[in-house]
Amino acid sequence: ARHGWQVTDVLGSTETGGIATRDQPHAAWRQLPGVSVAVGDDDSLVVRSPWCDGGQAVLEDRVTILPGGGFRHLGRAGDIVKIAGKRADAGAIEATVRALPGVEDAAVLVHGQAAGREPRVALFVVRAAEAALDRADIDRAIRREFDDVFAPRIVRFVASIPRSDRGKLERAALEALLSPSGPSPDPSEPIGGDGDLHGDIPMRRIAPLVYEADIPASLIFFQGHFEGLPVLPGVVLVDRLIWPILRAEFPDLTGVRKARRLRFRRLIRPDELLTVRVERTGDRVSFEVTRGPEVVASGQLTVA
């Protein structure tokens with residue numbers, strides 16, 4: 001301001017060189033001379049320029065072409081979260097989470113975009129040592145700034161976010177963290193067996209006698225149960241979720257003698273977050289499984 005200088009932003013890529021410029025952060029981008037941009041059939045960005053090999057390049061960017069010329073850049077395809085017909089910028093969601101006290105880093109991954117499936121938001125968070133931050137804090141922060149559909153269905157607290165030397169997100173490594181066969185999703189007291197992709201449900205202790213568990217879509221128990229409507233069997237809930245939690249809380253237990261008052265009130269689907277609470281009185285333990293405010297299962301076990 002003192003010297004009358006002006007900053008010019010330049011938008012470009014390795015494949016195209018410079019494409020457009022703007023003088024203000026909120027201004028529309030204006031194409032450089034000899035450059036034209038268009039939206040392809042698959043919503044990709046088509047750039048025609050003398051600096052492109054063959055005179056044209058297709059980029060994984062999303063733009064809105066403006067009537068008066070120029071365009072607005074919405075971000076990379078992987079950075080635009082589109083759910084239920086609504087759009088949000090993944091970078092903006094990440095920035096909202098990073099602004100929370102106790103957050104050192106965060107990354108958004110749009111998960112489950114296979115044909116015919118509604119995409120889900122997976123969020124990876126690095127917490128500072130001794131931070132009291134939990135999933136509820138993150139959920140509230142995102143819902144304050146964005147539509148409820150962008151609240152993450154999956155939250156993983158991890159030791160670090162995989163990035164390249166240039167600071168770019170390594171999506172393949174991030175996707176591997178969604179698998180229970182990959183690195184432990186949470187450094188704080190993870191349990192769940194030997195990490196077998198087909199058998200285990202990743203979970204973590206969030207308070208005495210209280211656990212959170214992510215139900216991975218990769219569980220073999222979803223296969224054939226049922227086609228087009230995968231549902232977790234009740235016996236798997238007891239055997240692969242409740243029992244490991246009981247063994248972790250009460251190491252003296254050796255087995256289950258009897259199951260009583262089992263109630264499976266709601267369907268449990270892939271990629272859902274469940275909260276499990278257990279109590280013990282002598283040789284009897286009771287459990288309650290909730291999804292948000294609703295109870296999905298409960299029961300009582302007589303143990304050895």
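How many bridges join β1 to strand β2, and in which sense do the two strands run? Five bridges join β1 to β2 (residues 17-22), and the two run antiparallel. The model is predicted, with a mean pLDDT of 83 for the protein and 88% of its residues at 70 or more. Over residues 180-199, however, the pLDDT is below 50, although this stretch has 53 contacts in the model beyond near neighbours in sequence.

**Overall make-up**

- The protein contains four helices and 20 strands.
- Of its 304 residues, 42% are buried.
- Among contacts between residues at least 6 apart in sequence, 48% join residues at least 24 apart.

**The sheet β1-β2-β3**

- Three strands make up an open sheet, in the order β1-β2-β3, with antiparallel pairing.
- β1 (9-13) and β3 (30-31) are at the edges; each has a single partner strand, so one side of each lacks a neighbour in the sheet.
- In general, the strands of a sheet pair through backbone hydrogen bonds, in a parallel or an antiparallel sense.

- Strand β12 (residues 120-127) pairs with β13 in the parallel sense, over four bridges.
- The bridge partner of Val125 in β13 is Phe157.
- Along strand β13 (residues 154-157), Ile154 and Arg156 point one way while Val155 and Phe157 point the other way, and all are buried.
- The ring of Phe157 also has the charged end of Arg127 over it, 3.8 Å from the ring centre.
- Elsewhere, Arg280 lies over the face of Phe250, at 5.2 Å from the ring centre.
- Zero aromatic pairs are found in a search of the whole structure.

- β15 (203-207) and β16 (210-214) are joined by four bridges and run antiparallel.
- One of the bridge pairs is formed by Met203 and its partner in β16, Ala213.
- The two strands form a hairpin with two residues between them, and Leu209 is in the turn.
- Leu209 has a positive phi of about 70° although it is not a glycine.
- Leu209 counts as partly exposed because its relative accessibility is 27%.

**Other backbone features**

- Most residues other than glycine have a negative phi, and most peptide bonds are trans.
- Asp271 is not a glycine, yet has a positive phi of about 65°.
- Asp271 is found in the loop between β17 (256-264) and β18 (273-281).
- With a relative accessible area of 6%, Asp271 is buried.
- The peptide bond from His225 to Phe226 is cis, with omega near 5°.
- Phe226 belongs to the loop between β16 and α4 (234-249).

- Arg291 lies in strand β19 (residues 284-291).
- Why does Arg291 count as buried? Its relative accessibility is 16%, and the cut-off for buried is under 20%.
- The side chain of Arg291 makes a polar contact with the side chain of Glu272 at 2.8 Å.
- A polar contact at 2.5 Å links the side chain of Arg291 to the side chain of Glu294.
- Not counting residues up to four places away in sequence, Arg291 touches Arg266, Leu267, Ile268, Glu272, Leu273, Leu274 and Val296.

- Thr96 is found in helix α1 (residues 90-98).
- Is Thr96 buried or exposed? Thr96 counts as buried, at 18% relative accessibility.
- Leaving aside neighbours within four places in sequence, Thr96 is in contact with Ala141, Ile142, Glu145 and Phe146.
- Thr96 and Ile138 are 42 residues apart along the chain, and their C-alpha atoms are separated by 8.8 Å.

Key. Residues are numbered from 1 along each chain as its sequence is written. This is a predicted model: local features need pLDDT of at least 70, side-chain atom pairs count only at pLDDT 80 or more; totals for chains, interfaces and linings use all residues. Side-chain values use heavy atoms; hydrogens and water are left out. Buried means under 20% relative accessible area, exposed over 50%, partly exposed in between (1.4 Å probe, protein chains only). A polar contact is a pair of N or O atoms within 3.5 Å; within protein, one must be able to donate a hydrogen and the other to accept it, and residues adjacent in sequence count only if both atoms are side-chain atoms. Contact means heavy atoms within 4.5 Å. pLDDT is the predictor's confidence in each residue, from 0 to 100. Rings of Phe, Tyr and Trp (its six-membered ring) pair if their centres lie within 6.5 Å; planes under 30 degrees apart count as stacked, over 60 as edge-to-face and the rest as tilted. A charge sits over a ring if NZ of Lys or CZ of Arg is within 6 Å of the ring centre and within 35 degrees of the ring normal. Two strands pair if DSSP finds at least two bridges between them.
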